[in-house]
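Me: I'd like a close look at one helix and its surroundings. Keep it brisk, please.
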Amino acid sequence: MRANKLARVVIPVFSLLFVSSGYGAESAVVAAPAQQVMAAAEHAGHGDHAGAGGMSGMGGAGKSTAWTAFPTLKIRMGGESRERRVATVVPQGIVASSIDAYSNNPEDAMGHRQLPLEMAGARLDKPESGGFHWLAAREEQDAEVRIASTVQFFSDRGGKNPTAMFMQQKHELEIIPQPYPREHSRYRANEDWKFLVRFNSKPLANRKVLMETMNGTKAELASDAQGVVHVRLPDDFKAEEPKKTAGSHDHGRRSSDFVLATEYAEGGKHYLTAFNASYGPDAFYQRNLAMGLGFTLLGMIGAMPLLRQRRDAKQATGAKPAMAGNANNEDA
Amino acid sequence: MLKTIFPTLTRFRFAIQILMLFVTVYGGALLGTYTVDRISQALPSLACAFDKQTGDHCILIVTQHQLHHRIGEALIKAQEITYKVFIPTLISVGVFFSFFFFLNKAFCGWVCPMGTVQEVLYRIGRRLGRPLQRFGPDNVGMVRPVKWLMLLVLVLGLPLLAGMGVADNEFGDPYCQVCPSRIATTLLTADAEQIALRTSTGVNFFLGALGNALFGFVIIAALAVRLPFCRICPLLSWNALFQRISPMQLVKKQHDKCAKCGVCEKACPMDIHEIGREHGKKAFHEDCTLCGRCVEYCPDDDVIQIRFFGIPLFKSSRDYYKQRVKLETPEGLPKNRVIWLKQAKENRNG
């Protein structure tokens with residue numbers, strides 16, 4: 001009798017788990033979008049925990065990247081000896097002599113630095129304060145101004161709120177994240193994020209903004225009346241297992257890069273600015289909700305006997321349930 | 001005025017718990033996205049870093065990451081152990097301690113969101129007329145070592161081994177993968193990501209399945225067992241390491257009646273029987289969360305006290321006790337109030 005009851009509970013649970021595992025495999029295939037044919041250069045890595053980090057990989061200073069014609073800044077964590085508090089910044093698709101680095105403590109002596117560009121790139125040492133750094137490269141030739149920008153996050157405790165640093169004017173034409181992902185968070189596919197487009201600190205309404213990703217997606221967006229552009233990051237990752245090794249420290253995370261760019265002309269000059277960052281797959285990539293619920297249910301069933309009144313306790317106290325709370329302790 | 005709003009210490013503590021639940025679960029949304037980067041990232045409670053709205057991070061995720069990424073890596077490369085390696089870990093412990101120093105284990109009893117969730121479930125369990133399952137003096141010792149095992153294996157051992165490349169990389173934060181607070185706090189922000197099982201590798205699947213099953217077990221068990229997860233929480237053992245050096249202490253004087261009374265033992269949600277049978281340091285057990293229920297339910301004046309730098313913040317009194325038991329039994333059963341299922345059952349039985 002008891003075995004029958006047990007079977008009635010266990011069989012549906014395992015059936016659910018079995019079905020859900022099939023569902024997971026199917027959903028992984030469905031998640032693969034059509035434009036993934038173009039995906040070529042995905043890479044793993046997550047900077048300094050942050051996801052909030054920049055882009056990994058290296059290239060020569062000033063060379064244009066294969067996936068976009070817009071200027072970008074690529075970031076590799078660590079210098080030549082892979083130190084944790086150092087990043088190397090490499091401009092791509094832009095010719096600049098230095099990188100402007102702003103920390104989230106503008107009053108600090110290291111609040112704004114110009115990092116000289118060397119063969120391997122510009123070396124960004126983490127200053128004593130400030131986890132978030134705004135990095136920008138600027139190129140001006142005749143009436144053409146090109147700006148590349150990104151954000152680098154170093155894990156830091158007690159750092160100042162970076163909003164003021166993000167909002168201070170750093171160049172003429174800017175695309176500013178509103179907000180940028182904080183520590184233990186990152187841009188991910190199928191998520192909506194906001195960016196402010198502005199010129200000389202004034203929001204630019206109805207401005208065309210182009211988005212390109214390393215996985216091949218291209219999209220045309222526009223800022224609203226407040227100069228804010230709403231970006232939904234595309235789910236354009238290839239469905240494949242990430243390569244992982246013990247001690248690789250990358251948590252097996254996949255990531256790719258995206259860039260937002262816009263143009264504006266004023267005072268006889270033409271400005272082009274681009275903001276780039278990395279993004280990861282959808283939050284439910286390689287996750288299975290049905291199986292998660294199944295195992296949660298299993299745990300719940302395991303705890304069910306605790307909710308039953310003990311018969312022996314009932315008999316011992318007569319008809320009174322074994323609820324210890326019934327004791328009247330007023331006269332203790 | 002305050003006495004009208006908070007007639008009992010439990011009511012006051014519950015208000016603080018609800019306030020801290022909002023800070024630890026939704027604090028980022030209420031106080032700004034980057035609040036979590038500014039407060040401490042080393043809170044002595046299970047404020048989950050996987051919760052995108054949290055106002056601060058739990059010390060345990062920071063510890064696991066530092067062991068994984070810094071200490072383990074440095075040890076295996078036999079590099080010089082510089083300030084760049086150990087100092088960040090010491091800073092984390094130092095920041096944690098600056099919080100912990102003043103409130104001691106009250107972080108467990110007053111701040112931790114997982115503790116609040118379990119207490120709310122237990123209250124629901126009382127209303128549903130569910131039985132109270134307790135650990136007696138003879139079997140409570142079986143569960144107590146588990147929290148130390150959790151700390152040594154899941155928080156310290158495996159992340160260090162993963163950092164050294166001995167264990168698989170997925171063991172970088174194994175405690176977080178099984179912590180029920182990760183699922184509970186993210187569900188409270190309407191985020192189903194963490195309850196969805198990770199299927200990328202066998203280790204991820206195993207840890208995720210274990211975590212989900214533990215979460216399911218805890219939320220049902222909490223209807224009948226007081227604070228079921230707290231008893232094995234590694235933060236309870238982590239906080240116990242520093243328990244004796246905080247100025248916030250639970251103090252119990254020796255009293256003749258204690259041997260036959262035992263009401264404080266019934267009131268203790270952690271089944272610390274030592275509170276009724278011992279006095280002095282032994283009465284302030286490592287599992288104590290400074291919830292203050294034993295003080296509330298001690299029927300004798302000044303026998304149990306919560307002291308800060310030696311000054312009593314709250315002490316037992318017979319008058320308070322008499323008022324307290326009129327509202328609720330030591331085990332937490334509300335008096336003269338509706339017990340939903342019990343009443344329904346009685347109605348059915350005529």
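Which residue just after α10(B) takes a positive phi, and of about how many degrees?

Reply: B:A190 does, with a phi of about 60 degrees. This is a predicted model, in which local features need pLDDT of at least 70, side-chain atom pairs count only at pLDDT 80 or more, and totals for chains, interfaces and linings use all residues. Residues are numbered from 1 along each chain as its sequence is written, chains are lettered from A and ligands numbered from 1 in the order in which they are written, and side-chain values use heavy atoms, with hydrogens and water left out.

Start with the helix. α10 of chain B covers residues 180-188. (Helices are DSSP runs of H or I, at least four residues; strands are runs of E, at least two; both are numbered from the N terminus.) Seven of its nine residues are buried, so the rest of the structure largely encloses α10(B). (Buried means under 20% relative accessible area, with a 1.4 Å probe and protein chains only.) The buried ones are B:P180, B:S181, B:R182, B:I183, B:A184, B:T185 and B:T186. Their cover includes four helices of chain B: α2 (9-31), α7 (113-127), α9 (174-178) and α11 (202-221).

Now take B:Y175. Its contacts (heavy atoms within 4.5 Å), leaving aside neighbours within four places in sequence, are B:L46, B:L60, B:Q64, B:M150, B:L154, B:V155, B:F229, B:C233 and B:P234. B:Y175 also belongs to the largest nonpolar core, which has 47 residues. (Such a core is a set of buried Ala, Val, Leu, Ile, Met, Phe, Trp, Tyr and Cys residues joined through side-chain atoms within 4.5 Å.) Together with B:L46, B:L60 and B:F229, B:Y175 touches the most other members. Another core lies apart from it, with 36 residues, including A:Y187, A:V209, A:L233 and A:Y264.

Step back to the whole chain. Chain B has 18 helices and four strands. Of its 350 residues, 59% are buried. The C-alpha trace spans about 65 × 50 × 45 Å along its principal axes.

How values were computed. Buried means under 20% relative accessible area, exposed over 50%, partly exposed in between (1.4 Å probe, protein chains only).
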